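Welcome, and please open your viewer for a short walk through this structure.

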Amino acid sequence: MDSIKREVVTAQTANWRIVITLLGIALAIFMAALEATVVGTAMPTVIATLGGIEIYSWVFAAYILASTIMTPIWGKMADLLGRRPALFGGLACFIIGSALSGAAQSMLQLIIFRALQGLGAGALFPVGMTIVADLLSLERRAKMIGLFSGMWGVAGLIGPLAGGYLTDYLHWRWVFYINLPFGLLAWAMVWAAYPERTYRRANISLDYAGAITLSAFLTLLLLLLEKIGQIPLGGNIALSAGLLALLIIFIKIEQRSGEPLVPLELFHARMVTAVTLHGLFAGMALFGTMAFLPLFVQAVIGTTATQAGTILTPYILAWVIGAPLGGRLILRIGYRPVVIAGTALIIVGAVLLAQVSIETVRIELVWAGIMMGLGGGLSIASLMIGAQHSVPRHQLGVVTSTVQFSRSIGAAIGTGAMGALMGWRLDRLLAGGSRELAPLASTHRDITAIVRQATRAALSPEATMFLRQSLAVSLRLAFTFVLAAAIVAAIISLIIPGGSAHDLKHPDHH
């Protein structure tokens, strides 16, 4: 009897450890997701305090660039050094970067400290989800996936509001300081509850050449996406050629490395290849839509920026509902039907958006957002589980980070391409407008100036109508790109292996 009681107590203790660890990881993921949305609201006040408006866009670019570059690096470190060192390293960078960002005395300092934040943020989701895969069986993880997907949704909803509240009632510096108690709490929870299941290997040799090459590739890619359409055609061709050369060099390095940053044998598994490609194109469609849907509401329908942001609420809520639903469905009918259904819903939403015009009303956009959010929730979360269960345990970190990396790159390409298409079309339409619109035609890249209420108020009714029509047509072209990306994602979903989730489980997993 005593031995039975001890076993029961041990099992209960183990379960509590798992619960506390999962809550700590969810908190860490939520913190990183919130930081991506909360800063934008505070930036006008930050600029008024620190100056440096000519470089302020790098406050966002530095964070995104650093976190994107570090995502596969942290994933590899989680496999080589252990989950705890990788997660705590990321948390340390994020917490220290937050503290320093709050104390910044110039815009340049803020940019540097935001880059440090981004270095840490790149660890929190992939390493956190790797730990989740270590702790939970397929069935439990499929039921819990909604919690972690929901972190991004909740952060997207409350981030702008939290940023405004902290800036108005405390100080803009609290936009960064607020991370400190939550980061330390997440650290303490995981430190106390997560038992080290190390997969540290002997004779560790990090792939420095691959990391440097990949960093150069991503820096050049994000630069191209940010500046596309603003530099001559020859410059775009040169940057594209540089990207291709760096990609070829990276592949060669990975083929020869003893411990490659992204092991190419991962892609021998059809599931990993399908998930990575699907994430790339679905990321273009889903995150590109999130970036440009509020812009349509503000620029064409005509609302304030805050009101325009609420158009994403149905989108995010549908995602939060779809993620746990998809997790449960893959246990019953397998990955392929769930992902095909989810991607089909994304296409339905994209078709609705590709038909927008000046007559489009808000409810039509709401329905499009619900379709895309539900489809994204069904497919994106389910595929992460599928990729994790198609590789041996010692590659969990790198496959999780690779999938997340492909989605981040997709988001960057999607928003960059949509912005370029919109700008190209708007440039030509405004060039054919009246003299009254000539100043806007010369500065159309500053889209915030065009959608500002004060700008509209200074125009005649005829010019305002022409401007709205031009913006509607330009954004319709951008949403047509979303539809094209969604169709490619749907084609890719057809190559996902059939069978139940259990059939595709790697023998190395419990």
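A residue is called buried here when its relative accessible area is under 20%, and exposed when that area is over 50%. Bear in mind throughout that this is a predicted model.

**Stop 1: a ring pair**

Select W172 and F176. Both residues are buried. Together they make an edge-to-face aromatic pair, with 6.3 Å from centre to centre and 90 degrees between the planes. The structure holds five aromatic pairs.

**Stop 2: a ring cluster**

Now select F88, W187 and W191, which ring pairs link into a cluster. Zoom in on F88 and W191: their ring centres are 5.2 Å apart and their planes meet at 45 degrees, so this pair is tilted. The two residues are 103 residues apart in the chain, with F88 in helix α3 (residues 83-102) and W191 in helix α7 (residues 179-193).

Which of the two is buried, and which is exposed? F88 has 7% relative accessibility and therefore counts as buried. W191, with a relative accessible area of 52%, is exposed.

The charged end of R84 sits over the ring of W191, 4.7 Å from the ring centre.

**Stop 3: helix α2**

Select residues 58-81, which form helix α2. Follow the helix to T71 and look for a kink of about 35 degrees, shortly before the proline P72.

How many of the 24 residues of α2 are buried? The count is 20, so the helix is largely enclosed by the rest of the structure. Just after α2 comes G82, where phi is positive, at about 115 degrees.

**Stop 4: the nonpolar cores**

Next, select V46, M107, L110, V127, F148 and L218. These are the residues with the most contacts inside the largest nonpolar core, which has 101 residues. Helix α1 (residues 2-50) supplies the largest share of this core, 19 residues.

Centre the view on F148. Leaving aside residues up to four places away in sequence, F148 touches L22, I25, A26, I29, M129 and V132.

Note on methods:
Residues are numbered from 1 along each chain as its sequence is written. This is a predicted model: local features need pLDDT of at least 70, side-chain atom pairs count only at pLDDT 80 or more; totals for chains, interfaces and linings use all residues. Side-chain values use heavy atoms; hydrogens and water are left out. Helices (H or I, at least four residues) and strands (E, at least two) are DSSP runs, numbered from the N terminus. The expected span of a helix is 1.5 Å times one less than its number of residues. The bend at a residue is the angle between axes fitted to the seven residues ending there and the seven starting there. Buried means under 20% relative accessible area, exposed over 50%, partly exposed in between (1.4 Å probe, protein chains only). A nonpolar core is a set of buried Ala, Val, Leu, Ile, Met, Phe, Trp, Tyr and Cys residues joined through side-chain atoms within 4.5 Å. Contact means heavy atoms within 4.5 Å. Rings of Phe, Tyr and Trp (its six-membered ring) pair if their centres lie within 6.5 Å; planes under 30 degrees apart count as stacked, over 60 as edge-to-face and the rest as tilted. A charge sits over a ring if NZ of Lys or CZ of Arg is within 6 Å of the ring centre and within 35 degrees of the ring normal.
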